[in-house]
Amino acid sequence: MKTIYKTALTAIAALFMFAACGNAGAKTAEKKEKTDKNVMELNSETFNKKVYDLTVEELKYLGDKPAIVDFTASWCGPCQRIAPILEELAKEYKGDIVIYKVDIDKERGLAQAFNVSSIPAVLYIPTGDAEPVMTVGSRNKEKFTEEIKTLLLDK
């Protein structure tokens, strides 16, 4: 009888522990959805409509504001560290620039089109005649701000 009682208690404890972990994960996912509002994730179709139409011969930036495209992956630690920085910058520079992200695991063709072989890779796309600039590696908010001002906003 004690063995059955002990087994039942262990099973109930395990069930509560599992449910608690599952719920915590749900809250984390819910929080992530809320914080990723200002940085839009692009797939090939939306990239071709908002950034560059890769189906045509001559590439021309399609946006009306300077843009940043963050080539990222869920398994990349440095990518995950810069994601909240880009989210903050998207809020701070709202109306002046647009920030996108591309998951290279979901959109391998986009990564190949821009020769992304190491991540995080960040593409700065100015408006006008200036050429886009690709940077590779993690950076802090101050460095991003400096690059936004010099590469995108001519300040």
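Let me start with the strands: β2 and β4 run antiparallel and are joined by 5 bridges. One of the pairs to look for is F71 with its bridge partner A121 in β4. Keep in mind throughout that this is a predicted model.

β4 also pairs with β5, again antiparallel, through 4 bridges. Here V122 stands opposite T135 in β5.

Now, how many of the residues of β4 are buried? The count is 5 of its 5 residues, so the strand is mostly covered, with buried meaning under 20% relative accessible area. Side chains in a regular strand alternate between the two faces of the sheet. In β4, A121, L123 and I125 point one way, while V122 and Y124 point the other way, and all are buried.

Next, the helix. α5 covers residues 141–152, which is 12 residues. From its first C-alpha to its last it reaches 15 Å, close to the 16 Å expected at 1.5 Å a residue.

Which residues of α5 are buried? They are F144, T145, E147, I148 and L152. Looking down the axis of α5, you find these buried residues within an arc of 165 degrees, so they line one face of the helix. As background, an α-helix has 3.6 residues a turn, so residues three or four places apart point the same way. What do the buried residues of α5 pack against? Their partners are β2 (67–72), α3 (77–92), β4 (121–125) and β5 (133–136).

A word on the two ends. At the N-terminal end, N140 caps α5, with a side-chain oxygen 3.2 Å from the backbone nitrogen of E142. After α5 comes D154, whose phi is positive, near 50 degrees.

Is R139 buried or exposed? Its relative accessibility is 13%, so R139 counts as buried. Its side chain has a polar atom 2.7 Å from the backbone oxygen of G137. The side chain of R139 also makes a polar contact, at 2.8 Å, with the side chain of E147, and E147 is among the buried residues of α5. Leaving aside residues up to four places away in sequence, R139 touches I82, I85, Y124, F144 and E147. Of these, Y124 is one of the buried residues of β4, and F144 is one of those in α5.

That is where I will stop.

Conventions: Residues are numbered from 1 along each chain as its sequence is written. This is a predicted model: local features need pLDDT of at least 70, side-chain atom pairs count only at pLDDT 80 or more; totals for chains, interfaces and linings use all residues. Side-chain values use heavy atoms; hydrogens and water are left out. Helices (H or I, at least four residues) and strands (E, at least two) are DSSP runs, numbered from the N terminus. The expected span of a helix is 1.5 Å times one less than its number of residues. Buried means under 20% relative accessible area, exposed over 50%, partly exposed in between (1.4 Å probe, protein chains only). The arc is that of the directions from the helix axis to the C-beta atoms. Contact means heavy atoms within 4.5 Å. A polar contact is a pair of N or O atoms within 3.5 Å; within protein, one must be able to donate a hydrogen and the other to accept it, and residues adjacent in sequence count only if both atoms are side-chain atoms. Two strands pair if DSSP finds at least two bridges between them.
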